[in-house]
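Hi,

Here is the structure I said I would pass on.

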Amino acid sequence: MAKNPLHTKLCDMLGIEFPVIAFTHCKDVVNAVVNAGGFAVLGEAMHTPDEIAADIKWIRSRVGDKPFGIDLVLPASVPPTGDLAELKKKIPESHWNFWLDMKQRHSIPDPKGQVALHQWGGLNQEIARRQLDVLLEERVPVICSGLGNPGFIVKTAHERGIKVFGLVGKARQAKKEAEAGVDAIIAQGIDAAGHTGPIGTFSIVPECVAVAGDTPIIAAGGVTTGKHLAAALCLGAVGVWTGTLWLASRESDNDMIIKEKLINATSDDTVYSDCISGFPMRILKCVWTEEWAKDGAPKVLPAPYQMLLSADYIQAANDHRRPDLMTEAAGQGVRFITSLKPARQIVFDMVEEALAVFEDLTGVPAE
Amino acid sequence: MSSKPLPASHGFDSNMAGRRAECDGGGPTAVARFAARQEFAGQLTGEYVDHGDPPWRWYLMVELCRKPEGYAWDSVWCESGNLFLVDE
């Protein structure tokens, strides 16, 4: 019998059975994954401090003493001013006309209600700080920063028994966060969903392992199967951070139309484009991405202008549930999501497949 | 949630003033609920703001020689943990 290759430093650190981390915006997925022996992190960047406190209470009532994490997008840079209403006035007329023409040609309806983005108002240091203070007060087991360096909060968090994880897109960020004392670093490759760094997962993971000293590295970006999990451990990671995998899970609160799109998608159906927000991000192709990729389309505007321009489209697509219009952030591993499964089953399937890989490689069954 | 502003103290760090630096910056995007990365390079003025306690320090970067295409401002506030001094 060989040592269980899936029992890693991450399992010991968190007291979990499997080194699989689910990143999700759905509390039910958190509940299912944590109770299946994995670890889950709830993305709360767009929520108010009160909503975050309520969600933490909800999760605790379901998972008891088992650990879970909350992810915030700590900003790393902020422009000197941030009045979105004023910014909207600066969008060129040619871009508004392009959108209006697209709207007519594809019969895109108006949003049913107020556009959520227009009510949001941005996220400055003060709002992010208030979100963070809730996590400290509630003593959540793990605080994750999906962008900025969380080093400034490490000492305070550790005093309260909280672990701190940071997500990076470059090795130099990993080195700096390791020096700041974070407990683990998520190295995210360009294969990932959403706005990622420029380096592929197969390169960023070992690069970060090499510079992070004793700080464990978790692999992210395109991780969807047990084979990916096994490969990540071979690269020196102690576990995997997965996002797209859970979007089509049975527990996910995503619209069924999006779940079906994800199940039917291959990596070719994702596109790395800045046309949604002005930042490059990986999403499922839709009418909006196809129109902006055409010859003759205007040049994509920088953030936040492009985000303001796309806000009505995104809201209308979701309000009216038009499959051709709807989109979702999705990583290149989407090809391997082929059915609607319970989150618990997804965890077990990934673990079984990874163990089979190690058995094939070594010829020895795991303990 | 309290509407009382969190403490923010302004200051000047002469050791940082005039230093050339790069910032692996970015922030959240509302449309997609995800983080977005942005890169800047320029010169630090030395001016800083500490938000909350423990202090979350931000430095002002000006004379931007690298910024996202179309970035509409002449300066940017950079979180200290995401700054890399280029002459070190």
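Below is what I found in it, going from the whole chain down to single residues.

First, the housekeeping: this is a predicted model, so local features need pLDDT of at least 70 and side-chain atom pairs count only at pLDDT 80 or more, while totals for chains, interfaces and linings use all residues. Residues are numbered from 1 along each chain as its sequence is written, and chains are lettered from A, with ligands numbered from 1, in the order in which they are written.

**Overall build of chain A**

Chain A has 16 helices and 11 strands (DSSP runs numbered from the N terminus: H or I of at least four residues for helices, E of at least two for strands). Its radius of gyration is 21 Å, which agrees with the value near 21 Å for a compact globule of 367 residues (taken over C-alpha atoms; the rule is 2.2 Å times the number of residues to the power 0.38). The C-alpha atoms fill a box of roughly 65 × 45 × 40 Å along the principal axes.

Of the 367 residues, 52% count as buried. Buried means 20 or more other C-beta atoms within 10 Å of the residue's own, exposed means 12 or fewer, and partly exposed is in between, with C-beta atoms placed from the backbone. Among contacts with a separation of 6 or more, 67% link residues 24 or more positions apart (a contact is two C-beta atoms, placed from the backbone, within 7 Å).

**Two domains**

Chain A is divided into domain 1 (9–79 + 122–252 + 338–362) and domain 2 (84–120 + 255–320); the bounds come from an automatic or database domain assignment. Domain 1 gives 12 residues to the contact between them and domain 2 gives 9. The C-alpha centres of the two domains lie 28 Å apart.

**The barrel**

Eight strands of chain A close into a barrel with parallel pairing, in the order β1-β2-β3-β5-β6-β7-β8-β9 (two strands pair if DSSP finds at least two bridges between them). Take β5(A), residues 142–145, as a way in. Strand β3(A) (residues 69–72) pairs with β5(A) over 4 bridges, and Leu72(A) stands opposite Ser145(A) there. Another 4 bridges join β5(A) to β6(A), where Val164(A) is the bridge partner of Ile143(A). Both faces of β5(A) are covered: Val142(A) and Cys144(A) on one side and Ile143(A) and Ser145(A) on the other are all buried. One step on, β6(A) (residues 163–168) runs parallel to β7(A) (residues 184–188) with 4 bridges, and Gly166(A) sits opposite Ile185(A).

**Where chain A meets chain B**

Chain A puts 51 residues into this contact and chain B puts in 38. Elements of chain A giving two or more residues include α3 (49–63), α7 (125–138) and α15 (305–320). The chain A side divides into 26 nonpolar, 17 polar and 8 charged residues (Ala, Val, Leu, Ile, Met, Phe, Trp, Tyr, Cys and Pro count as nonpolar, Asp, Glu, Lys and Arg as charged, and the others, Gly among them, as polar). Strands also cross over here: β4(A) runs antiparallel to β5(B) (residues 76–79), joined by 2 bridges, and Ser77(A) stands opposite Cys78(B).

**One cysteine to look at**

Cys234(A) is found in helix α11(A), residues 226–234. With 14 other C-beta atoms within 10 Å, Cys234(A) is partly exposed.

Cheers
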